[in-house]
Amino acid sequence: MFQKLIDTLKQSPKKIVFTEGTDPRILEASARLLSGTFLTPVLVGNEEEVQAAAEKAGFNIRGAIIIDPENYDGMDAMVEKMVELRKGKMTADECRAALKKGNYFGTMLVKMGVADALLGGATYSTADTVRPALQLIKTKPGNKNVSSCFILQREKNGVDERLCMGDCAIQIDPDEDALVETALECAKTAATFGIDPKIAFLSYSTKGSGKGEAVDKVKNACDKAKAAAPELAIDGEMQFDAAVSPVVGQQKFPGSKVAGHANTFIFPEIQSGNIGYKIAQRLGGFAAYGPILQGLNAPINDLSRGCDADEVYKMAIITAALA
């Protein structure tokens, strides 16, 4: 999967901002990226401190772009643009103070076109990565929400299996319309990673076997998604066994083109989504890549604070590929 993404990026190399330029994991991943020719790291931080941290850890970051918010030549223009974007919610002084922080500064580098994508969260919380993106990058036209998905991959019996699961990290209890947006964005993300999306809206009910508001929400969202994207293979509501087992799928949901063959799963809320992808990861032997943020005007992604350098490297490739 990653080699195909790298080959695509080589045709159109990108620049990716890392908001935590002195973090050893970021530096190791940057050195690895710089050994290729497809992605240029933009490291936010004091240049002397970044270089010293790289030297101490033994990583060659020659070729990386290092930008310090404290002496950035374009800061005045950046402040002016941020004031405009915040539409009266922040003064120029407040914007300048925010831009001294790597998360806001890095996000504005993407907004101003200095870089194509951003990867943060090695030390910042998810909220501190997502908040500047919502305020400055904002959602794409037609989208009201930011969602997320995980791409899961494993090799089994010589076959490369890939799945897409959303939303497992961002939306706590999405309504029907938010579930529709999540499904349509997951379909696009899945396709980027070579998955021909077959989308199952998951529930504890299959085709009306259960009743109540929770079931109605999923069923109604599924119907809206079908109407919005009739070209996609979408079905639901259905239980997970009906989604993945051809035998069970046709017993519980006869005639469905998705039941028994789903590879893109839309969970009704964050608890089931988060639990579901981690079960697949820990018991199913899948590698999980994400959360991949969806619905923004530019690729902004979040790392786990427990990530290692290999995760940073792979998430950087994924994030840049979405640009």
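**Threonine 19.** I looked up the accessibility of threonine 19 and found 7% relative accessible area, so threonine 19 counts as buried. The cut-offs are under 20% for buried, over 50% for exposed, and partly exposed in between, with a 1.4 Å probe and protein chains only. This is a predicted model: local features need pLDDT of at least 70, side-chain atom pairs count only at pLDDT 80 or more, and totals for chains, interfaces and linings use all residues. Residues are numbered from 1 along each chain as its sequence is written, and side-chain values use heavy atoms, with hydrogens and water left out.

Threonine 19 sits in the loop between β1 and α2 (24-34). Helices here are DSSP runs of H or I with at least four residues, strands are runs of E with at least two, and both are numbered from the N terminus. I then listed the contacts of threonine 19, leaving out residues up to four places away in sequence. Among them are Val44, Asn103, Leu118, Gly120 and Tyr124. Contact means heavy atoms within 4.5 Å. The side chain of threonine 19 also makes a polar contact with the side chain of glutamate 20, at 3.1 Å. A polar contact is a pair of N or O atoms within 3.5 Å; within protein, one must be able to donate a hydrogen and the other to accept it, and residues adjacent in sequence count only if both atoms are side-chain atoms.

**Cavity.** How many cavities of 30 Å³ or more does the whole structure hold? The search finds one. The largest cavity has about 30 Å³ of space. On a 1 Å grid over the protein atoms alone, a cavity is a set of points where a 1.4 Å probe fits but cannot get out; a pocket is an open set with protein on both sides within 12 Å along at least five of seven lines; lining residues have an atom within 4 Å of a point. Grid points are joined across faces, edges and corners, and a volume is the space filled by probe spheres set on the points.

Threonine 19 is one of the lining residues of this cavity, and the others include Asn103, Leu118, Tyr124 and Asp128. Helix α6 (102-111), strand β4 (117-120) and helix α7 (126-137) each supply at least two lining residues. The largest share is three residues, from α7. By class, the lining has three nonpolar, five polar and one charged. Ala, Val, Leu, Ile, Met, Phe, Trp, Tyr, Cys and Pro count as nonpolar, Asp, Glu, Lys and Arg as charged, and the others, Gly among them, as polar.

**Strand β4.** I checked both faces of β4. Ala117 and Leu119 are buried on one side, Leu118 and Gly120 on the other. Strand β1 (residues 14-18) pairs with β4 in the parallel sense, over three bridges. Pairing requires at least two DSSP bridges between the strands. Isoleucine 16 stands opposite alanine 117. Strand β11 (residues 300-302) also pairs with β4 in the parallel sense, again over three bridges. There, leucine 118 has isoleucine 300 as its bridge partner.

**Pockets.** The largest pocket has a volume of about 490 Å³. Its lining counts 26 residues, and Phe150, Ala288, Gly290, Ser304 and Glu311 lie nearest its centre. β10 gives the largest share, five residues. The classes are 11 nonpolar, seven polar and eight charged.

The second largest pocket holds about 370 Å³. Of its 23 lining residues, Leu163, Met165, Phe240, Val244 and Phe265 lie nearest the centre. α12 gives the most, five residues.

**Backbone.** Where are the cis peptide bonds I noted? One joins glycine 166 and aspartate 167, with omega about -15°. Aspartate 167 lies in the loop between β6 (159-166) and α8 (176-192). Another runs from glycine 236 to glutamate 237, with omega near 0°. Glutamate 237 lies in strand β8 (residues 233-238).

I also looked at positive phi. Lysine 138 has phi near 70° and is in the loop between α7 and β5 (147-156). Its relative accessibility is 25%, so lysine 138 counts as partly exposed. Lysine 207 has phi near 50°.

**Helix α3.** Asparagine 46 caps the N-terminal end of α3 (residues 47-57), with a side-chain oxygen 3.1 Å from the backbone nitrogen of glutamate 48. Glycine 58 follows α3, with a positive phi near 80°.
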